[in-house]
Amino acid sequence: MSTPEQFDADLRQQFQQDKAMHLMPEALRRDILHKASRKARTSTVVTWRNIQLALCCTLLVVFSTVLLPGRQTALPQYYQITYSSNSQYREVQQHSVTQDAQMAVSQLQQIGQREYMTSAQRTMAFHQQIGLLRQQQQQWEISVCDELLLTIDKALLAQLHLSQQPEQFAAQQWVEFISDQQGQLIAIRPATGGLQCPKA
Amino acid sequence: MALSFYLAGWMGRDTRQSDSAEQLFSNYRSSRNTEYLAKLMVLHGNELYHFLLRQSDRMLAEDISQQCWLKLLEQPDSYRGLSQFKTWLFSVARNSLIDELRKLKRWQVQMETEPCDQSAPGMEQQLINTQQQLMLSQQLSLLPFYQREALMLQLEGFSMADICYITQQPEETIKSRLRYARGFLQRMAGGQNVDA
């Protein structure tokens, strides 16, 4: 018969002896460590592959943003007409390009010009007028007596169909200008004769 | 504990003097150097294997041991430093073992023996008489799974709180299992019943 304390001490001693007699097999230990080494090597390879992939992606992004900035950052420009009037002209139209969610000017111009050029005769869809062109620092102005004043900014001018280079136009001369149904300018060319405006 | 565990990973990698399991694991996780894993296995490999061996058999003990250590390799973040490394390791091993026993349809067999049949003194006396000299391992094998588990964890040096953490059981349940297990073994040894 043993006391609980004695029993407990014996139990612990036997437990330690039993544990010492049943150690983890060396083969198992080696196997686990072998798998760990292999896993570490695989992990290194995968990490290196991921780094390479990340570098390639980064280079691609840098290439596309730095070397091809125009294609990524330049937003398309759109035709805008602002209508107003003043004491001198019954109607003032400011034609300019701006950034908007409509069709690009170049596209509009191409479509309009193609329709105009291919039509056998000028229809009511296109409006042809004669006016006096005056070149200003930042824009052109075309006035039709005291009825209409068009201002055309330089950015828009660069995209319009002109019969000749802008610099070949005189600082002041009669021109024929054509607008489409929306009032957007399609073409400007020198006119042979001027307007006879009624005196106010 | 969790904070100190993560800090140890930053600050203690080169501190060769500190070879606690938590430190070793932290170093292993940040470096993947198998040298740290080998040291961890020296620290706790035998204890874990012995625990599993007494709760199952040699083949399962080897399988589950391997599973546990490989889990460290594959999911190093599964240990978050919320408990001692050894406690966490035994907890993982214990859950893996129960899962495996269920897969092998051996869990039901283990459970059927519980609770310890205290109402059969004749049979117990017979066991005492015939197996007086049984080795501890054989005596342990006569205990139901949960009682053996609680006793082995206590003999392994785990505190009551650690045993509760590993087994996910309340303290009263663990105390009860320990009382039954010790009582049974003491009667087997022919000593006074600790319940008395």
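Here is a short tour of a two-chain model, one selection at a time.

**Before you start.** This is a predicted model, in which local features need pLDDT of at least 70, side-chain atom pairs count only at pLDDT 80 or more, and totals for chains, interfaces and linings use all residues. Residues are numbered from 1 along each chain as its sequence is written, while chains are lettered from A and ligands numbered from 1 in the order in which they are written.

**Stop 1: chain A.** Select chain A and colour it by secondary structure. Along the sequence the pattern reads α-α-α-β-β-α-β-β-β-α-β-β-β.

**Stop 2: paired strands.** Now select residues 78-84 and 91-98 of chain A, which are strands E1 and E2. These two run antiparallel and are joined by 7 bridges; strands count as paired if DSSP finds at least two bridges between them. Together E1(A) and E2(A) make a hairpin, with 6 residues between them. Click on Thr82(A) and look across to Gln94(A), which stands opposite in E2(A).

**Stop 3: where the chains meet.** Show both chains. How many residues of chain A are in contact with chain B? There are 25, and they touch 26 residues of chain B; a contact means that two C-beta atoms, placed from the backbone, lie within 7 Å. Helix H1 (4-21) and helix H2 (26-67) of chain A each supply at least two residues of this side of chain A. The largest share, 10 residues, comes from H2(A).

**Stop 4: a helix in chain B.** Select residues 160-167 of chain B, helix H10. Asp162(B), Ile163(B), Ile166(B) and Thr167(B) are buried there. They lie on the same side of H10(B) because they cover an arc of only 120° around the axis, an arc taken from the directions from the helix axis to the C-beta atoms. Buried means 20 or more other C-beta atoms within 10 Å of a residue's own, exposed means 12 or fewer, and partly exposed is in between, with C-beta atoms placed from the backbone. The buried residues pack against helices H5 (85-103), H9 (145-155) and H11 (171-189) of chain B. Just after H10(B), find Gln168(B), whose phi is positive, about 60°.

**Stop 5: a loop proline.** Finally, pick Pro76(B), in the loop between helix H4 (58-74) and H5 of chain B. Pro76(B) is partly exposed because 14 other C-beta atoms lie within 10 Å. Then select Arg29(B): 47 residues from Pro76(B) in sequence, but 6.1 Å away in space, C-alpha to C-alpha.

Definitions and conventions:
Helix = DSSP H or I, 4+ residues; strand = E, 2+ residues; numbered from the N terminus.
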